[in-house]
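My notes follow the display.

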Amino acid sequence: MMSSNFGIILKRDLLLALRRRSEIFTVLFFFIVVISLFPLGVGTEEKILQQMAPGVVWISALLASTLALDRLFSADYEDGTLEKIVLAPSSLSVSVFAKILAHWLLTGLPLVLISPLVGLFYHLPMHSVFIMMLVLLIGTPVLSMLGAIAAALTLGLRGGGVLVSLLVLPLYIPVLVYGAGAISTSMLVGVSIEPYILLLLAFSILSVVFSPWVTAAALKISLE
Amino acid sequence: MKINWFKYSAPMSFYPLAGKLIPLFWIAAIVFILGGLYWGFFKTADVLNDQKQYYRIIYVHVSSAWMAMWLYVVMVFWAMLGLIFNTRLSYMLASATAITGTVMTIIALATGAIWGKTSWGTYWDWDPKLTTFLILLFVYIGYIALQSAIDDVRRSDKASALLALVGLALVPIIYYAVNCPDPTECASLHQESSLKRVESNILIGMLVTTIGFWMYCFATTLMRARIIVLERERSTTWVSNLPEIKDSEVEIKS
């Protein structure tokens, strides 16, 4: 029962998104536009760009994923599907987990796949590009997981988008610090990046365990 | 004897009790703050040269910083009680605490900046403690923003309570993230806080001022809570029967 519910919601959300592909590309192009604005603002010197790249890629990813959060629950909330999911006899946390996973596959994973472009724009060494993809792969699920809590709390509010950013951006700080740290460290010789990867993995696991549960509680409060 | 702990959880019995306590807390706050500052300014050994006198901002800085952190815990405590027992007053106290906590955080940041200019030569640095306090301010502001964005009182109470809980779980992680951005080494401008090494007169001044700040927090939180009680319970008969409400209505009419 539980697993089938998970599968149904995951499949449904992916299918809906594939029918309206423009939404996936909006987030992706937002990311690319922000990435390409930085060099225009701070100058195109190779050294500066290399130094900035880790922070820039993570901050752009944070902003892109925050913008995408609005769509996580709002469409289902407006047409009443969300209420059906909450009322369903199966575990709400599992359904919520499926929704967040689908959301990450549609907004987080594309960022990971497009990120080599950052390496190209910012003259990163090949080795660092792989590290960047790896830490984005580990880190972006945390963004979706934490963001889901804020999205559920602000469901259906006026000006919810700005409020979500205000609530969620401070919570993203650990991922930003260690995600960007790993990429910067990978450009140094003789320093291990293993601690960064392990910490990011820990954040990822913690958020996967706790966030669906908290998000479910938040949804219940918002739909009461 | 059995004590009824829930008696004062009713806004009706809390309101007059808070009204009686507020003047006491104000008096205690003034006495302790003035006493602590007096001790700190005039009773400490004057062994330092004139240039170092600026350290005396410590009495305000440390007290407000302790209160800023403590009030977050208090706020989460009330939010949790609210979620567990579903008592309206707990939520009201949580939101009243949040504003005093924000004020304390701002005082700590401002006095810290002034102290930093004199001792480190800069108003701001991305030192772990400074960054943590900035983030604490963001978390407080997020809580207040969420609460004021939701019109439905029940939902706004519960949603912000849940946010406060999430914040409590994440603040230690954020603290360690900014405290130790490079996992292989940690550095900070702030020296390690160690009360044992502080000279005893300074310590007395600091602790007494902190008690004063604490009393001030009690007073302002209770005052805000009373206002929130009046706002939310305005349609009830006990509020309209309160002497202060009756008098003001007469004034408006006349």
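**Conventions.** I am working with a predicted model, in which local features need pLDDT of at least 70 and side-chain atom pairs count only at pLDDT 80 or more, while totals for chains, interfaces and linings use all residues. Residues are numbered from 1 along each chain as its sequence is written, and chains are lettered from A and ligands numbered from 1 in the order in which they are written.

**Chain B, overall.** I looked up the elements and found 8 helices and 0 strands in chain B. Helices here are DSSP runs of H or I with at least four residues, strands are runs of E with at least two, and numbering starts at the N terminus. I checked burial next: of the 254 residues in chain B, 35% are buried. A residue is buried with 20 or more other C-beta atoms within 10 Å of its own, exposed with 12 or fewer, and partly exposed in between, the C-beta atoms being placed from the backbone. I then took the contacts in chain B between residues at least 6 apart in sequence, and 78% of these join residues at least 24 apart. Contact means that C-beta atoms, placed from the backbone, lie within 7 Å.

**Helix lengths in chain B.** I compared spans with expectation, which is 1.5 Å times one less than the number of residues. H2(B), residues 58-85, has 28 residues and should span 40 Å; the end C-alpha atoms are 40 Å apart, so the two agree. After H2(B) comes B:Asn86, with a positive phi near 60°.

**H2(B) against H5(B).** I read an angle of about 130° for this pair, with the axes 9 Å apart. Axes are lines fitted to C-alpha atoms, for helices over the stretch in contact, and angles run from 0 to 180 degrees between N-to-C directions. The pair is therefore oblique, a term for what is left after under 35 degrees (roughly parallel), over 145 (roughly antiparallel) and 65 to 115 (roughly perpendicular). The crossing is left-handed; that is, the near helix is turned anticlockwise from the far one by less than a right angle, clockwise being right-handed. Residues that meet here include B:Met75 and B:Leu83 in H2(B) and B:Asp157 and B:Leu168 in H5(B). I sorted the contact residues into 9 nonpolar, 1 polar and 2 charged. Nonpolar covers Ala, Val, Leu, Ile, Met, Phe, Trp, Tyr, Cys and Pro, charged covers Asp, Glu, Lys and Arg, and polar the others, Gly among them.

**Chain B against chain A.** I noted 23 residues from chain B and 23 residues from chain A in the contact. On the side of chain B that touches chain A, H5(B) gives the most, with 11 residues. That side divides into 18 nonpolar, 2 polar and 3 charged.

**H7(A) against H8(A).** I found the axes of H7(A), residues 126-153, and H8(A), residues 160-168, coming within 9 Å and crossing at roughly 130°. This crossing is right-handed. Among the residues that meet are A:Gly147 in H7(A) and A:Val164 in H8(A).

**A:Ser192.** I located A:Ser192 in the loop between H9(A) and H10(A). A:Ser192 counts as exposed because 11 C-beta neighbours lie inside 10 Å.

Methods
Two residues are in contact if their C-beta atoms, placed from the backbone, lie within 7 Å.
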